Amino acid sequence: MVARILGVRPSSIHRWRRLARKSQGLDSRPNSGRPPRLSAYHLRKLERLLRQGAKKHGWPNQLWTADRVARLIRERFGISFHPEHVRKVLKERLNWTSQKPKRKARERDDKEVERRLGDELPRILREAFRRKAPVVFLDESGFQLTPSVRRTLAPRGQAPVLDCWDRRDRISAISCITLSPVLGRPGLHFQLLPVNQTVHGDEVVAFLKELRRELRGPLTVVWDRSKIHSKSTAVKAWLATHAEVVVEDFPGYAPTLNPDEWVWGWAKDGRLSNLAAWDADELWDHLVMALIGLKFQPGMLMAFIAEAGIPVAA
């Protein structure tokens, strides 16, 4: 009868009576339910085990999946969880997130990379700015008609189908991120080659000529040790007649040190992912519009520079 008068369920009346019998009365906190099976102590120990890496516990690489963590919990604590519940525990109680692993070549010399970041790159920037020469981070890439497929949303069990051509049509591109000591902000310059044409030394020289015409003055070009840079006869001949263009290189097998590499990743895996273009002309149009839009986003370009670890403050 009291429940009907108050407009609540009878279970609420019983709960209030139980609280009223406690020392703090109705201000007492109600029972929050069964305590979690994975206690705070277990959680701290689990985090220490996870930070040791998956290899330490017998897996062939350092990647932790929900299934591996569930197995580790079962072996160490005798508690069986579904992998999806483990994923929820990692996200909500340990503040872990789902992340895409970064690839690193086994041939990479980490000590050389640290030396370049700590000593060589600051020197390159200081000398270039002393000459009032823009620093040019240059790289080449290619875009195929077959799209880069990335995850999307769909009803459970109904994977969407992306209709696309299974052809090898390709658009090669050259671009560079520039840091100017005068403008104080990064810039982006790019050039697309005709369909299915590969970048050679002559194309690199043509791009450098156009870049010099636009920037007007000395340059410091930083690029990788690709054959079209270091061994191309055309590139060597052009550089020999242009002493105002200084060339530096990145260490081998370290593509992520070049900020321009992040431009290609942003375009392929982000802006143009899942793009099933009808032909190479449509792919060309989308690529041009994406890169033109990026030219007017200096904040994004600066983020690429920061992500590459370039010591701009130096």
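# Helix packing and pockets in a predicted model

Me: H4 and H5 pack at an angle of about 90°, with their axes 8 Å apart. Why is H4 called roughly perpendicular to H5?

Reply: The angle is taken between N-to-C directions, on a scale from 0 to 180 degrees, using lines fitted to C-alpha atoms over the stretch in contact. Angles of 65 to 115 degrees count as roughly perpendicular, under 35 as roughly parallel, over 145 as roughly antiparallel and the rest as oblique. The value for H4 and H5 is about 90°, and that makes H4 roughly perpendicular to H5. This is a predicted model, in which local features need pLDDT of at least 70 and side-chain atom pairs pLDDT 80 or more, while totals for chains, interfaces and linings use all residues. Residues are numbered from 1 along each chain as its sequence is written, and side-chain values use heavy atoms, without hydrogens and water.

Me: Which residues of H4 and H5 meet?

Reply: Ala66, Asp67, Val69, Ala70 and Ile73 in H4 meet Pro83, Val86, Arg87 and Leu90 in H5, where contact means heavy atoms within 4.5 Å. This contact has seven nonpolar, no polar and two charged residues. Ala, Val, Leu, Ile, Met, Phe, Trp, Tyr, Cys and Pro count as nonpolar, Asp, Glu, Lys and Arg as charged, and the others, Gly among them, as polar.

Me: What makes H10 oblique to H12?

Reply: H10 and helix H12 (residues 298-307) pack at an angle of about 120°, and their axes are 8 Å apart. That angle makes H10 oblique to H12. H10 passes H12 in a right-handed crossing, the term for a near helix turned clockwise from the far one by less than a right angle (anticlockwise is left-handed). On the H10 side, Pro259, Trp262, Val263 and Trp266 meet Met300, Phe304, Ile305 and Glu307 of H12. By class, these residues are seven nonpolar, no polar and one charged.

Me: What makes H10 oblique to H11?

Reply: The angle between H10 and helix H11 (residues 280-295) is about 125°, with axes 11 Å apart. H10 is therefore oblique to H11. The crossing of H10 past H11 is right-handed. Val263, Trp266 and Arg271 in H10 meet Ala290, Leu291 and Leu294 in H11. That contact divides into five nonpolar, no polar and one charged residues.

Me: How much space lies in the largest pocket, and which residues are closest to its centre?

Reply: The largest pocket holds about 1200 Å³. Its lining has 28 residues, with Arg103, Pro255, Thr256, Glu261 and Gly265 closest to the centre. A pocket is an open set of points on a 1 Å grid where a 1.4 Å probe fits, with protein on both sides within 12 Å along at least five of seven lines; lining residues have an atom within 4 Å of a point. H10 gives the most to this lining, with six residues. The lining has nine nonpolar, six polar and 13 charged residues.

Me: Which elements give two or more residues to the lining of the second largest pocket?

Reply: The second largest pocket has a volume of about 840 Å³. Of its 20 lining residues, Leu63, Trp64, Gln99, Lys100 and Pro101 lie nearest the centre. The elements that give two or more residues are helix H4 (66-77) and helix H5 (83-93). Seven nonpolar, six polar and seven charged residues make up this lining.

Definitions and conventions: Grid points are joined across faces, edges and corners, and a volume is the space filled by probe spheres set on the points. Helices (H or I, at least four residues) and strands (E, at least two) are DSSP runs, numbered from the N terminus.
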